[in-house]
Amino acid sequence: MQGKQPLFSFGVISDVQYADIPDGRSFIGVPRYYRHSLLILQNAVQRWNNHQKLKFVMNFGDIVDGFCPKDQSLEAVKKVVNEFEKFNGPAYHMIGNHCLYNLPRHMLLPLLKISSVDGRAYYDFSPTPEYRFVVLDGYDISAIGWPHNHPNTLEALKFLGEKNPNTEKNSPAGLVGLERRFLMFNGAVGKEQIKWLDAVLQDATKLNQKVVVCCHVPLDPGSASPEALLWNCNEVMDVIHRYNCVKVCLAGHDHQGGHSIDTHGIHHRVLEAALECPPGTDAFGHIDAYDDRLSLVGTGWMQSTDMCFTP
């Protein structure tokens, strides 16, 4: 096992949430290091380049923090993207809620080099014939990022109105268990995207590919707190569970990270956030892809994880 070479390897980082502001705290009091997170990304890119065998890197969203002054949003996003571009290879991005607090989709997606039709931010790619990566847009149906009168915004606001009785839609007060996910900083995968996902998984099955699903927002309750889950995670997982091709789901958003294996043997790995690492610490890593597993080699606060596939 030890001597076996991976088919390919790729870098991972999540929730950089850079802002040129003093350190602060989350709404539950966890310290956040807004400027230091850029240093973590710089360390990551240097380490990834030194590795020399990484095929690409993946950023799991939230590159700039919501507290970033809005007159600095554009420059802050450009600054972080510029650091990713120092990697000697492609960088694949997905959008998170904090990205959308800063810039609307029509400005954000070109900066992240997500080629888009009608503002959609989901796509797939195949780094080798054996593997396919599916990047979901967890804010497809969302109260943030779309114009105020957009059908997706209106659908999201109607949904939140039905599911969350609080005036403050980011508050889970009174919501119980998995209902606590019905918050404005989460979102849903829309009907068109669900159809697209189904077609991609059908195609991957025909091609005998192993699929890695990537989404800023976690999909499995065992891997994240209820407040951090995709609104329609059940619906998305129902599609995924129709097929045997999906082996791992990777996510960000829930900063403490997590790992679970669902009832169908799929690994769900939520990556620890760069933002909450005190100066002198890091959170990033790289993943080695084999025929029978993905192996996350973590640096600093990002925990190493072996994700062996069930036959």
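Buried here means under 20% relative accessible area, exposed means over 50%, and partly exposed lies in between, with a 1.4 Å probe and protein chains only. In a regular strand, side chains alternate between the two faces of the sheet.

A word on the source: residues are numbered from 1 along each chain as its sequence is written, and side-chain values use heavy atoms, with hydrogens and water left out. This is a predicted model, in which local features need pLDDT of at least 70 and side-chain atom pairs count only at pLDDT 80 or more, whereas totals for chains, interfaces and linings use all residues.

Strands (E, at least two residues) and helices (H or I, at least four) are DSSP runs, numbered from the N terminus. Why is strand 8 described as largely enclosed by the rest of the structure? Six of the six residues of strand 8 (residues 210-215) are buried, so the strand is largely enclosed.

Two strands are said to pair if DSSP finds at least two bridges between them. Strand 7 and strand 8 run parallel and are joined by five bridges; Tyr131 has Lys210 in strand 8 as its bridge partner. Strand 8 is also joined to strand 9 (residues 246-251) by five bridges, again in parallel, and there Cys215 stands opposite Ala251. Strand 8, helix 7 (residues 233-241) and strand 9 together make a right-handed β-α-β unit. Right-handed means that, with the strands pointing away from the viewer, the path from the first strand over the helix to the second runs clockwise.

I turn next to helix 5. Its buried residues are Asn152, Thr153, Ala156 and Leu160. Seen down the axis of helix 5, these buried residues fall within an arc of 100°, so they line one face of the helix; the arc is that of the directions from the helix axis to the C-beta atoms. The face turned away from the buried side of helix 5 carries the exposed residues Pro151, Lys158 and Glu162.

Six strands form an open sheet of mixed pairing, in the order 5-4-1-12-13-14. Strand 5 (91-93) and strand 14 (305-308) stand at the edges with a single partner strand each, so one side of each is left without a neighbour in the sheet. Within this sheet, strand 12 (residues 283-289) and strand 13 (residues 293-300) pair in the antiparallel sense over seven bridges, and His286 stands opposite Val297 in strand 13.

Finally, the salt bridges. A salt bridge is a side-chain nitrogen of Lys or Arg within 4 Å of a carboxyl oxygen of Asp or Glu. How many salt bridges does this rule give? The count comes to 15 salt bridges.

One of them joins Asp137 and Arg105 at 2.9 Å, N to O. Asp137 lies in the loop between strand 7 (131-135) and helix 5 (151-163), and Arg105 in helix 4 (residues 105-111), so the pair ties together parts that are 32 residues apart in sequence. Both Asp137 and Arg105 are buried.

Glu192 and Lys195 form another, their closest N and O atoms being 3.3 Å apart. Both lie in helix 6 (residues 191-206), three residues apart, about one turn of the helix. Glu192 is partly exposed at 46% relative accessibility, while Lys195, at 55%, is exposed. Lastly, a network of salt bridges links Asp124, Arg132 and Asp203.
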